[in-house]
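Please walk through the helices of this chain, then through a few of its residues.

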Amino acid sequence: MKNFIYTAFLFLFVAGCKPGIPSDIIQPDKMALVLHDIHIVDAYITTIPNIDTSRTMAAAYYSGIYKRYEIDSALYGKSMAYYSQHPKVLDGIYDKVTKGLTKQKNVLVKADSLVQAKAAKIVKAKFKADSVKRADSLKKVTAPQRAKFKADSLKKVIAVKKADSIKKVDSTKKAKAVLRKAARKKRADSIKARELLKKTINKK
């Protein structure tokens with residue numbers, strides 16, 4: 001009986017002393033938060049076309065993450081090396097990272113949809129307001145204004161027709177003058193021809 005109790009106590013002692021995550025390693029919950037922020041930075045950096053600029057910005061962002069979680073690059077590197085040797089623990093950490101990123105993505109997508117819907121609503125309201133203004137402007141045109149507009153239009157039409165008529169008259173006058181000139185020349189030529197004919201007969 002004593003041996004059984006001793007054995008059970010020893011088993012519990014050994015199980016209680018089973019090593020967990022070392023204290024000099026970033027703990028899993030905190031590591032999930034660090035990796036969440038780092039993946040967001042990595043995704044943003046890939047959108048920067050200039051390599052030198054992206055490296056500079058990445059270093060600045062990483063430094064900010066380390067400061068936020070009170071760690072440094074050496075501790076982060078050491079922790080990643082440790083978790084790489086313990087894939088099951090790393091899988092658990094990345095499950096939390098994935099859930100966090102998915103949740104944040106859904107929030108951003110919803111926010112974008114709300115912004116787009118609001119912008120569309122503003123554009124629609126503006127278009128409606130402009131249409132109402134145009135309709136009001138047309139309604140404000142009084143009967144005298146409409147009559148004046150009609151009279152002005154008629155004046156323009158009459159002026160154009162008058163100008164065309166004058167042009168036609170001028171063309172007709174010129175044509176008649178040319179015809180009269182041609183007729184006079186023809187008569188003069190006929191008279192000369194008769195006189196020449198008379199002279200020729202008289203000589204004979």
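Two residues are in contact when they have heavy atoms within 4.5 Å. By that criterion, and not counting residues up to four places away in sequence, Ile-48 touches Thr-53, Ser-54 and Met-57. The model is a predicted one, in which local features need pLDDT of at least 70 and side-chain atom pairs count only at pLDDT 80 or more, while totals for chains, interfaces and linings use all residues. Residues are numbered from 1 along each chain as its sequence is written, and side-chain values use heavy atoms, with hydrogens and water left out.

Along the sequence the pattern reads α-α-α-α-α-α. Of the 204 residues of the chain, 13% count as buried; buried means under 20% relative accessible area, exposed means over 50%, and partly exposed lies in between, with a 1.4 Å probe and protein chains only. Among the contacts in the chain with a separation of 6 or more, 74% come from residues 24 or more positions apart.

Consider the packing of α2 against α3. These helices meet at an angle of about 165°, with their axes 10 Å apart; axes are lines fitted to C-alpha atoms, for helices over the stretch in contact, and angles run from 0 to 180 degrees between N-to-C directions. That angle makes α2 roughly antiparallel to α3, given that angles under 35 degrees count as roughly parallel, over 145 as roughly antiparallel, 65 to 115 as roughly perpendicular and the rest as oblique. On the α2 side the contact is made by Val-34, Asp-37, Ile-38, Val-41, Asp-42, Tyr-44 and Ile-45, and on the α3 side by Ser-54, Met-57, Ala-58, Tyr-61, Tyr-62, Ile-65 and Arg-68. By class, this contact has 10 nonpolar, 1 polar and 3 charged residues. Here Ala, Val, Leu, Ile, Met, Phe, Trp, Tyr, Cys and Pro count as nonpolar, Asp, Glu, Lys and Arg as charged, and the others, Gly among them, as polar.

One of the charged residues deserves a separate look. Asp-37 lies in helix α2 and is buried, with a relative accessible area of 12%. Not counting residues up to four places away in sequence, Asp-37 touches Ile-65, Arg-68 and Tyr-69. A polar contact of 2.9 Å joins the side chains of Asp-37 and Tyr-69; such a contact is a pair of N or O atoms within 3.5 Å, where within protein one must be able to donate a hydrogen and the other to accept it, and residues adjacent in sequence count only if both atoms are side-chain atoms.

Ile-48 sits in the loop between α2 and α3 and, at 17% relative accessibility, counts as buried. Ser-54, one of the residues touched by Ile-48, belongs to helix α3. At 10% relative accessibility Ser-54 is also buried. Its side chain reaches the backbone oxygen of Ile-51 at 2.6 Å. With residues up to four places away left out, Ser-54 touches Ile-45 and Ile-48.

Helix α2 (residues 28–45) also packs against helix α4 (residues 73–84), at an angle of about 110° and with the axes 12 Å apart. The two are therefore roughly perpendicular to each other. From α2, Pro-28, Met-31, Val-34, Leu-35 and Ile-38 meet Tyr-76, Ser-79, Met-80 and Tyr-83 of α4. This contact has 8 nonpolar, 1 polar and no charged residues.

The loop between α3 (51–68) and α4 holds Glu-70. Most residues other than glycine have a negative phi. At 70% relative accessibility, Glu-70 counts as exposed.

Methods: Helix = DSSP H or I, 4+ residues; strand = E, 2+ residues; numbered from the N terminus.
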